[in-house]
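My entries follow in the order I made them.

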Amino acid sequence: MKRKLIYLSILVLLVLFACSQKENKKETVEKEEKKILTMAQKAEIKTLDPQKATDSVSRSIIKLINQTLVYIDNEGNIVPELAQEITKVSPKETLIKIKNDIKFSNGETLTIDDVLFSLERAKASPKMSQDLYMIESFEKVDDRTLKINTLYDAGNLLHKLASGGVAIINKKAFEKDENNIVGTGMFKLKEWVAGEKLVLERNEFFKDSKSNIDTLVVKFVPEANSRMIMLETGEIDLARDLLPLDFKKISEDTKFTTVEIETPSNMFLGFDLRNELLADKRVRQAIAYAINNEDLVKTVFNGSASVATSPVPKITTGHNENSNNYPQNIEKAKQLLAEAGYPNGFNIELFVSEDNQRIDMAVIIQDNLKKIGINAEIKTFQWAAYVSTIENPNIIKPLFIMSWNISNDDPDEVLYPLYHSSQIDAHTNVVFYKNEKFDNLISEARETTDKEKRMKLYEEAQDIIQEDLPHYTLVYPKQNFAYKASIKNIKYNKRAYLDFQDTIIE
C-alpha cells in the first residue's frame with residue numbers, strides 16, 4: 001500500500017511538471033508573438049490632450065489612445081464606439097447609453113462621469129467650441145446614460161460627437177495630473193522623447209483587437225528622403241508621407257505594400273489681415289494670380305494632388321467646384337498690385353514648416369511672386385513650433401503655408417473655425433478675418449436642418465471666401481503610406497488615420 005502511494009505521488013508530480021512545462025511553453029510562445037511596429041512620420045505631435053489638439057498630426061495619434069462615443073466610417077455612416085444605444089427622444093433631446101464594462105488603460109471602468117467631464121471640458125475649450133456649438137447642456141441620467149440638450153434640432157449632432165476633440169479621457173487621472181491623458185483605445189503612452197520618438201504600448205484592457213502588436217514606436221523624421229531610406233533598410237516598418245517619386249518607386253517593390261488615397265484636406269497660403277502689406281484684398285488676389293497651381297501639382301506632388309477651387313476639399317459634401325478661382329495671370333496680378341499701391345512690389349517673409357513638399361511649394365511660390373515684384377524670404381520651423389507661431393495672436397504673421405483636414409464630411413468643419421469672426425479668440429481664425437455677411441450665412445447654415453438648403457448656404461459662403469481671400473487654397477493633396485508586405489490588415493479612414501486593431505506582423 002505504501003509503495004502504491006509513493007508511485008501515485010511520483011505520477012502526480014510528473015503530471016504537474018508536464019503541465020507546468022506546457023504552460024511555460026505557452027507563455028513563451030505568447031511572449032514571442034508580441035511584436036513591435038515602428039513607423040516614421042514627418043512631424044512631432046504637439047499634444048496628446050484631445051481637447052487641446054487642433055493639428056491632424058496630434059489627432060492621428062490621439063485616435064490610437066482615446067475613443068469617442070461614435071465615429072464615422074468611410075461610407076459616412078455613424079458607428080457606435082463607446083456608445084451602445086442612441087435615442088432621440090425629441091428634436092432637442094438625445095439620450096446616449098454607454099457600453100458596459102469598458103475599461104481605461106489604467107484599469108478603471110469607464111463611467112458616465114468621465115463622459116460628462118470630457119464633453120463639458122471640450123465645450124468650454126475655445127479650440128473645441130466650434131464642434132459643440134449646438135449644445136445647450138449635458139445631463140447625467142444614470143450611471144450609464146447621458147442626455148444632451150441642444151438649442152435646436154441639430155441634424156449634425158452625431159457628426160460633431162465623432163470629432164477627435166471630444167474623445168473621452170479618464171477624469172480621475174486628469175485631475176490628478178493634467179499631463180496624464182488616459183484613454184480606452186488600443187494603446188497607452190509609455191514614453192515621449194521630445195524631438196525624437198513616441199512609444200506607445202498595448203492597453204491590456206482593450207479587448208476589441210486581434211493584433212499581435214505589443215508596442216508602437218512613432219519616430220519623428222521631418223526629411224521624406226530619410227523616411228524612405230529607413231523603410232528600405234528595415235530600420236522602420238512603415239513610412240508616412242513619402243515624396244511622390246519615392247512612393248512610385250517603392251510601389252513597384254513587392255517587399256512593400258503601398259496606399260495612396262484622396263483625403264478631405266486642403267493646403268493653403270495664409271494672409272494675416274493685420275499685416276499692412278496684406279490688408280488690401282487686391283494684394284491677396286494679385287498673389288493668387290501670380291501662383292501657378294498646376295505647376296505645384298505637377299512638380300511638387302507629381303500628380304498626387306489636384307488644383308483647389310475653394311477651401312472645402314473636393315471629396316467633401318458641399319464642395320463648390322464653380323467658386324471663383326485664380327488661374328495664373330501675371331499681368332492681372334501686376335495690375336492689382338499697382339492698384340493697391342505697390343507698383344514695384346515689396347519684401348515679405350514666407351513661413352513654412354520643415355516638410356519637404358511644403359518647402360518645395362514655398363520655393364515655387366517664391367519664384368512666382370518675384371515675377372510681380374514681391375520678394376518672399378522663406379523661413380522654416382519645426383512643426384510644433386510652427387503651429388504655436390501660427391496660432392499665437394500676438395504675432396502678426398507674413399505669408400504662411402498651412403493645411404486643414406475635415407473629419408466629418410461637413411463644410412462647417414473648415415468654414416466656421418477658419419473664417420468665422422468668433423473663432424479669432426479660439427485661435428483657429430488665425431488671419432483675423434471678419435465679414436458680417438459670411439458670419440450670418442454660416443450661422444444660418446448651422447441652424448438649417450434641410451440638407452440641400454444648408455449646402456447652398458455653404459456654397460455661397462465659399463464664394464465670399466474666394467473673393468476676399470483670407471486664405472488662398474492651393475491644392476487638395478493626396479496622402480500616402482508604405483509598409484513591409486509582412487504586415488497585414490492595416491486599416492485607415494478618409495483622413496488616412498491608421499487603425500491597427502486587426503494588424504498582424506508575420
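Predicted model: local features only at pLDDT ≥ 70, side-chain atom pairs only at ≥ 80, totals over all residues.

**Entry 1: H9 and H11**

I began with H9 and H11 and noted that H9 passes H11 in a right-handed crossing. A crossing counts as right-handed if the near helix is turned clockwise from the far one by less than a right angle, and as left-handed if anticlockwise. Helices here are DSSP runs (H or I, at least four residues), numbered from the N terminus.

Residues are numbered from 1 along each chain as its sequence is written, and side-chain values use heavy atoms, with hydrogens and water left out.

I looked up the geometry next: the axes of H9 (residues 293-300) and H11 (residues 356-370) come within 10 Å and cross at roughly 140°. Axes are lines fitted to C-alpha atoms, for helices over the stretch in contact, and angles run from 0 to 180 degrees between N-to-C directions. Under 35 degrees counts as roughly parallel, over 145 as roughly antiparallel, 65 to 115 as roughly perpendicular, and the rest as oblique.

On the H9 side I listed Asp295, Leu296, Thr299 and Val300, and on the H11 side Gln357, Asp360, Met361 and Ile364, as making the contact (heavy atoms within 4.5 Å). Sorted by class, this contact has four nonpolar, two polar and two charged residues. Ala, Val, Leu, Ile, Met, Phe, Trp, Tyr, Cys and Pro count as nonpolar, Asp, Glu, Lys and Arg as charged, and the others, Gly among them, as polar.

**Entry 2: H8 and H10**

I found that the axes of H8 (residues 281-290) and H10 (residues 330-339) come within 8 Å and cross at roughly 165°. H8 is therefore roughly antiparallel to H10. The crossing of H8 past H10 is left-handed. Among the contact residues I noted Tyr289 of H8 and Leu336 of H10. By class I recorded eight nonpolar, one polar and three charged residues.

**Entry 3: H6 and H7**

I saw that H6 (residues 224-233) and H7 (residues 244-251) have axes that come within 10 Å and cross at roughly 15°. H6 is therefore roughly parallel to H7. Their crossing is left-handed. The contact residues include Met228 of H6 and Ile250 of H7.

**Entry 4: domains 1 and 3**

I took the bounds from the domain assignment, which is automatic or from a database: domain 1 (33-64 + 184-254 + 484-505), domain 2 (66-169) and domain 3 (264-476). The C-alpha centres of domain 1 and domain 3 lie 30 Å apart. I noted 16 residues of domain 1 in contact with 18 residues of domain 3.

Definitions and conventions: Helix = DSSP H or I, 4+ residues; strand = E, 2+ residues; numbered from the N terminus.
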